[in-house]
Amino acid sequence: MNDALGLPQSILVLGGGSEIARATVRALLVERPATIILGGRRGSAALDQTAEEARQLGAPKVSTVAFDAMDPASVGGAVDEAFDSHGDIDLVIVAFGVLGDQDKAEADPTAAIEVATVNYAAAVTAGLAAGNRLKTQGHGTLLALSTVAGERVRRANFVYGSSKAGMDSFYQGLGDALAGTGARVVIVRPGFVRTRMTAGMDAAPFATDADSVARAIVTGLAKGSAVIWAPGLLRWVFVIFRHLPRAVWRKIPG
Amino acid sequence: MTAPTAADVVPLDQTGPILAPRSRGILARGLGRSYGDAAQNAGGTIVDATVHDSLIAIDRRGATAQVAAGVSLDRLLQRLVPLGFFVPVTPGTRFVTVGGAIAADVHGKNHHRDGSIGNHIRSMNLATPRGVVAVSPELEPDLFWATTGGMGLTGIVLDATLSLPRIETSLLQVDTDRTSDLDGVLALMTEGDHRYHYSVAWIDCLARGRHLGRSVLTRGDFATVSDLPASQRSHPLEYKPAVRIQVPPVFPSGLVNAASMRLFNEAFYRRAPRSRRGELQSIPQFFHPLDVIGHWNRMYGPRGFLQYQSVVPFGAEDTLRRAVERLSGAGVASSLAVLKRFGPGDPGPLSFPAEGWTLALDVAVVPGLTALLDQLDDEVVSVGGRVYLAKDSRVRRGLIPTMYPRLNEWRSVRDLVDPDGLLVSDLDRRLNLSGRWETR
């Protein structure tokens with residue numbers, strides 16, 4: 001069960017190799033021991049690293065389930081496998097995603113479809129499967145890692161941005177659908193996070209790191225927030241950004 | 001505040017063994033006043049005990065009452081007081097059911113004299129997965145004491161027969177003392193509590209420095225008719241409880257913050273006389289001050305608060321002092337803390353009260369609270385203390401067997417009546433009281 005401060009006793013991470021997810025698992029394990037189930041590509045080194053860190057932080061049980069986000073149906077199977085083998089799961093983190101290459105995607109639709117499949121279609125499958133299980137058990141939190149890039153899509157990365165915008169909207173709707181069932185949805189919208197995924201890119205203003213995002217998540221879970229911005233200031237920055245005239249928005253660099 | 005969960009709510013069949021209509025178990029709920037998840041059963045079935053509240057059979061000669069478990073203390077008091085009886089134990093709110101009071105083995109201002117409510121139950125009928133059983137301290141004593149304080153996990157209490165103290169009037173003669181620090185109130189209570197039937201102190205947790213732990217101590221006894229002024233002697237047992245103010249469901253969160261609480265506490269402390277003797281107070285005034293405000297919990301706003309209550313043995317006053325220091329120092333926007341001396345505990349293996357000091361307080365949820373309260377728990381455990389399960393919503397489950405060293409004894413009694421684990425609560429899932437959630 002989640003306690004009154006939002007700390008879980010069992011966590012399923014879909015995209016267990018994600019650096020933000022790994023930092024979040026660390027931040028939660030420091031507060032309370034929890035069983036950890038990591039979902040991701042079979043044989044992924046990043047997944048193994050998260051598993052190793054979880055064990056070192058005293059997780060009583062660490063296991064893995066395999067899926068490939070390019071095959072959205074396999075995500076649902078992994079979710080069911082995790083719940084069937086473990087029982088109740090208090091926190092499900094949907095953390096997988098790809099940034100893609102905007103130039104390549106504009107030139108080659110198959111590259112764009114890959115981004116859309118992983119970031120949107122597979123996230124939808126994950127949300128529906130996990131949402132159903134949480135609804136049946138009558139409790140639990142579904143935490144979706146979105147991004148501010150979906151808040152208002154930019155010229156420079158609109159393939160990625162639009163896939164995340166769709167994912168974010170989907171989880172908002174799912175949260176409404178699950179209201180009153182005991183399950184709840186929390187959406188995390190980080191700004192530019194310095195990770196492997198963004199390596200080599202110029203950091204945008206308000207750039208942050210995975211550990212800071214993880215801290216914001218732990219605080220947000222305690223407060224019962226429905227949306228967690230990281231850093232928190234971005235919430236107000238985007239109040240303005242959302243309303244900038246398009247001609248101005250288009251010219252904002254980065 | 002606690003983690004939200006949802007369950008199916010059904011009425012109770014009072015005749016046969018308990019059956020769980022869904023796979024996720026069954027649990028009785030009274031008025032749902034537990035601060036944590038004690039009355040929740042996520043994805044399972046909840047039996048609403050309050051629909052069975054018609055039975056109140058009072059034996060005036062024997063000074064007992066047989067009462068359906070769904071009857072609230074509020075209703076019971078309205079029947080009892082005009083007849084010259086009181087309830088043996090009442091917590092700080094009268095909006096709890098008899099069944100819930102038994103499940104938590106509640107205590108009141110008279111614990112140092114009378115113990116918790118388990119000591120005043122003559123017998124009860126308990127629906128279990130094995131059928132309905134009559135239990136009492138003489139008949140099935142193990143199951144009886146596993147049920148008082150058993151958090152509803154040994155069965156569903158159908159009705160209970162309570163011993164009733166007699167009262168001549170519905171008023172209390174109250175002595176109030178204000179102390180400027182914690183040591184002052186501890187000394188007053190240690191030396192004088194035995195002279196009063198009822199005693200409790202309120203500590204201002206926001207006072208710092210040399211005012212750390214400044215307190216208002218109120219103690220009293222029921223007045224006799226001869227204690228009343230002549231004008232009141234004609235109707236000594238008049239009882240008119242009233243909820244005067246309602247807090248609306250939408251209350252701006254943040255109105256209760258460090259600054260407003262400090263003002264409130266200052267006013268509370270200043271209003272209390274340094275020392276006053278023999279003031280007449282009504283039952284609601286003395287026992288249920290918060291019940292005057294309907295839905296007072298809403299004042300904390302949607303973000304919520306949690307309640308922390310622990311007990312430490314006599315001699316561990318340093319632990320108590322550090323707890324008050326830590327909470328004051330952290331600037332946790334806590335309201336007034338309640339301090340009470342417990343007498344000896346009863347035989348219930350999961351019953352909370354044990355001889356010593358108990359401290360209870362509301363804490364608004366702020367970042368870093370987990371670490372702060374974990375630290376307090378460690379200190380409490382190191383001196384042989386424990387936290388109150390009925391109020392808990394965040395303790396580490398690993399500490400429970402140390403806090404409640406007779407847990408295994410309780411589990412073996414429970415396993416006899418519920419071998420298949422039909423009785424389940426979120427509290428049980430979280431803390432593994434039943435021993436069925438080991439791997440979680």
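1. Two strands count as paired if DSSP finds at least two bridges between them. Strands (E, at least two residues) and helices (H or I, at least four) are DSSP runs, numbered from the N terminus. On this basis chain B contains an open sheet of eight strands, in the order E13-E9-E11-E10-E16-E17-E15-E18, with antiparallel pairing. Its edge strands are E13 (275-282) and E18 (386-387) of chain B, each of which pairs on one side only.

2. The structure is a predicted model, in which local features need pLDDT of at least 70 and side-chain atom pairs count only at pLDDT 80 or more, while totals for chains, interfaces and linings use all residues. Residues are numbered from 1 along each chain as its sequence is written, and chains are lettered from A and ligands numbered from 1 in the order in which they are written.

3. Helix H5 (residues 182-192) of chain B lies across E9 (171-179), E10, E11 and E16 (336-342) of chain B, and runs at about 20° to E11(B). Axes are lines fitted to C-alpha atoms, for helices over the stretch in contact, and angles run from 0 to 180 degrees between N-to-C directions.

4. Chain B also has an open sheet of three strands, ordered E1-E3-E2, with parallel pairing. E1 (8-10) and E2 (26-29) of chain B are the edge strands. Neighbouring strands of this sheet are turned by 30° against each other on average, direction ignored. E1(B) and E3 (residues 45-48) of chain B are joined in the parallel sense over three bridges; B:Val9 has B:Ile46 in E3(B) as its bridge partner.

5. The domain assignment of chain B gives domain 1 (8-167 + 401-431) and domain 2 (171-396); such bounds come from an automatic or database domain assignment. The C-alpha centres of domain 1 and domain 2 of chain B are 24 Å apart. Their contact (C-beta atoms, placed from the backbone, within 7 Å) takes 42 residues from domain 1 of chain B and 37 residues from domain 2 of chain B. Among the helices that each supply at least two residues to the domain 1 side are H1 (73-80) and H11 (407-417) of chain B. That side of domain 1 has 15 nonpolar, 19 polar and eight charged residues. Here Ala, Val, Leu, Ile, Met, Phe, Trp, Tyr, Cys and Pro count as nonpolar, Asp, Glu, Lys and Arg as charged, and the others, Gly among them, as polar.

6. Between the chains, 26 residues of chain B are in contact with 24 residues of chain A. On the chain B side, H9 (369-382) and H12 (426-431) of chain B are the elements that give two or more residues. H12(B) gives the most, with three residues. The chain B side divides into 10 nonpolar, eight polar and eight charged residues.

7. In chain A, helix H1 (residues 19-31) and helix H7 (residues 210-223) pack at an angle of about 50°, their axes being 8 Å apart. H1(A) and H7(A) are therefore oblique to each other. (Angles under 35 degrees count as roughly parallel, over 145 as roughly antiparallel, 65 to 115 as roughly perpendicular and the rest as oblique.) The residues of this contact comprise nine nonpolar, one polar and five charged.

Definitions and conventions. Contact = placed C-beta atoms within 7 Å.
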